[in-house]
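Please look at the sequence and the model below.

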Amino acid sequence: MTKIVAVNCSPRKGWNTDLMVQAAAKGAKKAGAEVQYFDLCRLEQFTGCVSCFGCKLPPNEGRCVCLDDMHPITEAINKADGLIIGTPIYLSTISAGMHALVERLVFQNVTYQKELRTYRKRRIPVLMVVTSGIPAERYEEVGYDKMLETWRGMLDRSVGPTSMVISGDAFQVPDYGKYNWTAFDPEAKKKGREERFPLDLAEAEKAGAALVKGEQ
Ligand SMILES: Cc1cc2nc3c(=O)[nH]c(=O)nc-3n(C[C@H](O)[C@H](O)[C@H](O)COP(=O)(O)O)c2cc1C
């Protein structure tokens, strides 16, 4: 059976990123895959690459050997047939958690050999799920399109063909009335949650299925 690893790199369980990753996982399951779901921020202790170079040393070439709580995730991805990875945009880039995971995942495949570009023997499809406070329509204006293309391209080159689903203009808190957030129109946020977000979830579900069917 096709094995998909799904990783939520947002600290908020049950919120935008988690729900989008779960929707993509649902699509993958409906298409016949088995999904292993990880909540990165529920791990007790993890780090980015520690530069031990253990992944370049026989017999562990191409395999991250840092034995923290993230190790089972890199191991699961190394054995998987596809990857779904979701992140909120934090400070105009991906979350620190996703950054740490991508460092570990990508660097283990770097060979430092002229003759061999990557240790990865098998490329697997990747679906990158992104959520943000600002609407997706503003990504070009603020440079998120270029920033995300850097990360998408990184995964594309190192792991496998990578597509992306975006859910912008996130509904961030259950009660906007409790905050002095004059930058937002609570009614518009509520409307977005009720009308646009279900469409984003449907798109994520479709993309999850496409990942399994090789229709990316
Ligand atoms: C630390 C932090 C930084 C953020 N920075 C940005 C940002 O630079 N641009 C943006 O559009 N949204 C930003 N946001 C909003 C989140 O991207 C948005 O609320 C996202 O959907 C949260 O995902 P979640 O519901 O899974 O937590 C930020 C939120 C936090 C907590």
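A polar side-chain atom of Gln172 is placed 2.9 Å from an oxygen atom of the ligand, a polar contact in the sense of a pair of N or O atoms within 3.5 Å. Taken alone, the ligand exposes 640 Å², and the protein buries 77% of that; these accessible areas come from the Shrake-Rupley method with a 1.4 Å probe. This is a predicted model, in which local features need pLDDT of at least 70 and side-chain atom pairs count only at pLDDT 80 or more, while totals for chains, interfaces and linings use all residues. Residues are numbered from 1 along each chain as its sequence is written, and side-chain values use heavy atoms, with hydrogens and water left out.

Gly133 uses its backbone instead, with an N or O atom 3.0 Å from a nitrogen atom of the ligand.

Which residues come nearest to the ligand? They are Asn16, Thr17, Ile89, Ser92 and Tyr144, out of 17 residues around the ligand, where a residue is near if one of its heavy atoms lies within 4 Å. Helix H1 (16–30) and strand S3 (82–90) each supply at least two residues of this shell. The largest share, 3 residues, comes from S3. Helices (H or I, at least four residues) and strands (E, at least two) are DSSP runs, numbered from the N terminus. By class the shell has 8 nonpolar, 8 polar and 1 charged residues; here Ala, Val, Leu, Ile, Met, Phe, Trp, Tyr, Cys and Pro count as nonpolar, Asp, Glu, Lys and Arg as charged, and the others, Gly among them, as polar.

The ligand sits in the largest pocket, meaning that more than half of its atoms lie within 2 Å of the grid points of that pocket. On a 1 Å grid over the protein atoms alone, a pocket is an open set of points with protein on both sides within 12 Å along at least five of seven lines, a cavity is a set where a 1.4 Å probe fits but cannot get out, and lining residues have an atom within 4 Å of a point. The largest pocket holds about 320 Å³ of space, a volume being the space filled by probe spheres set on the points, which are joined across faces, edges and corners. Among its 17 lining residues, Pro88, Ile89, Tyr90, Gly133 and Gln172 lie nearest its centre.

The second largest pocket holds about 210 Å³. Its lining consists of Glu61, Gly62, Arg63, Asn78, Asn109, Tyr119, Arg120, Lys121 and Arg122, which by class gives 1 nonpolar, 3 polar and 5 charged residues.

The largest cavity has a volume of about 80 Å³. Of the 13 residues that line it, Cys49, Cys52, Cys55, Cys64 and Phe107 are the closest to its centre. This lining divides into 9 nonpolar, 2 polar and 2 charged residues.

Two backbone features remain. Most residues other than glycine have a negative phi, and most peptide bonds are trans. Phe53, although not a glycine, has a positive phi of about 60°, and the peptide bond from Pro58 to Pro59 is cis, with omega near 10°. Phe53 is found in the loop between S2 and H2; Pro59 is found in the loop between strand S2 (34–39) and helix H2 (71–79).

Terms used. Polar contact = N/O pair within 3.5 Å; in protein donor to acceptor, adjacent residues only side chain to side chain.
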